[in-house]
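Please keep the sequence and the three-dimensional view at hand while reading.

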Amino acid sequence: MIYSYLDSPIGRLLLAGDGETLQFIRFPSGALGAGPEPQWRREDAPFETAARQLTEYFAGERRAFDLPLAPRATPFQARVLAALQAIPYGETRSYKDIAVALGEPRAVRAVGSANGSNPLPIVIPCHRVIGSDGSLTGFGGGLETKRFLLALEAERAGLFA
């Protein structure tokens with residue numbers, strides 16, 4: 001596994017993958033905040049496209065990512081991750097909405113768990129999932145980061161044709 005860092009408005013993000021695909025994004029703090037594993041090696045060049053696209057996203061110039069992704073996920077988690085990618089920029093869905101979209105309306109907690117284990121936050125927009133009552137719920141990068149990402153998208157959503 002190789003990795004690189006990206007300085008962003010929400011702190012220094014760790015990008016990791018195999019050189020061909022992006023497999024992890026880790027926040028500098030929060031529940032999923034962590035550094036590289038000891039056996040990983042730093043290599044910046046393979047992450048240039050991901051870094052550029054994330055920078056464009058934070059600048060409000062990109063709504064969707066076009067990157068080769070390889071998240072490690074169970075089959076159910078992979079279905080949830082696909083559903084997350086279908087949430088339009090600047091919009092939100094509830095955990096229940098995702099469960100219903102998957103044809104498993106009783107799987108709300110399982111959706112929450114899969115959402116919480118998303119290895120590629122931002123690129124796979126788990127921040128767009130909120131509680132059924134509209135409240136912000138847990139997020140691996142912390143609720144302030146989730147608030148920031150949602151506000152960024154809400155502010156920029158009307159600027160794209």
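In the hairpin of strand 2 and strand 3, 4 residues lie between the strands, and Gly19 takes a positive phi near 100°. The model is a predicted one. Strand 3 spans residues 22-26 and pairs with strand 2 in the antiparallel sense. Within this pairing, Gly17 has Leu22 of strand 3 as its bridge partner.

Strand 2 also pairs with strand 1, which covers residues 2-8, and this pairing is antiparallel as well. Leu6 has its bridge partner, Leu13, in strand 2. The two pairings are set out below.

| Strand pair | Sense | Bridges |
|---|---|---|
| Strand 1 and strand 2 | antiparallel | 7 bridges |
| Strand 2 and strand 3 | antiparallel | 4 bridges |

How much of strand 2 is buried? Strand 2, residues 11-17, is mostly covered, with 5 of its 7 residues buried. As a general point, side chains in a regular strand alternate between the two faces of the sheet.

A separate topic is the space left between the atoms. The largest pocket holds about 180 Å³ of space. It is lined by 14 residues, and those closest to its centre are Arg63, Ala64, Phe65, Gln85 and Val123. By class, the lining of the largest pocket comprises 10 nonpolar residues, 3 charged residues and 1 polar residue.

Key
Residues are numbered from 1 along each chain as its sequence is written. This is a predicted model: local features need pLDDT of at least 70, side-chain atom pairs count only at pLDDT 80 or more; totals for chains, interfaces and linings use all residues. Side-chain values use heavy atoms; hydrogens and water are left out. On a 1 Å grid over the protein atoms alone, a cavity is a set of points where a 1.4 Å probe fits but cannot get out, and a pocket is an open set with protein on both sides within 12 Å along at least five of seven lines; lining residues have an atom within 4 Å of a point. Grid points are joined across faces, edges and corners, and a volume is the space filled by probe spheres set on the points. Ala, Val, Leu, Ile, Met, Phe, Trp, Tyr, Cys and Pro count as nonpolar, Asp, Glu, Lys and Arg as charged, and the others, Gly among them, as polar. Buried means under 20% relative accessible area, exposed over 50%, partly exposed in between (1.4 Å probe, protein chains only). Helices (H or I, at least four residues) and strands (E, at least two) are DSSP runs, numbered from the N terminus. Two strands pair if DSSP finds at least two bridges between them.
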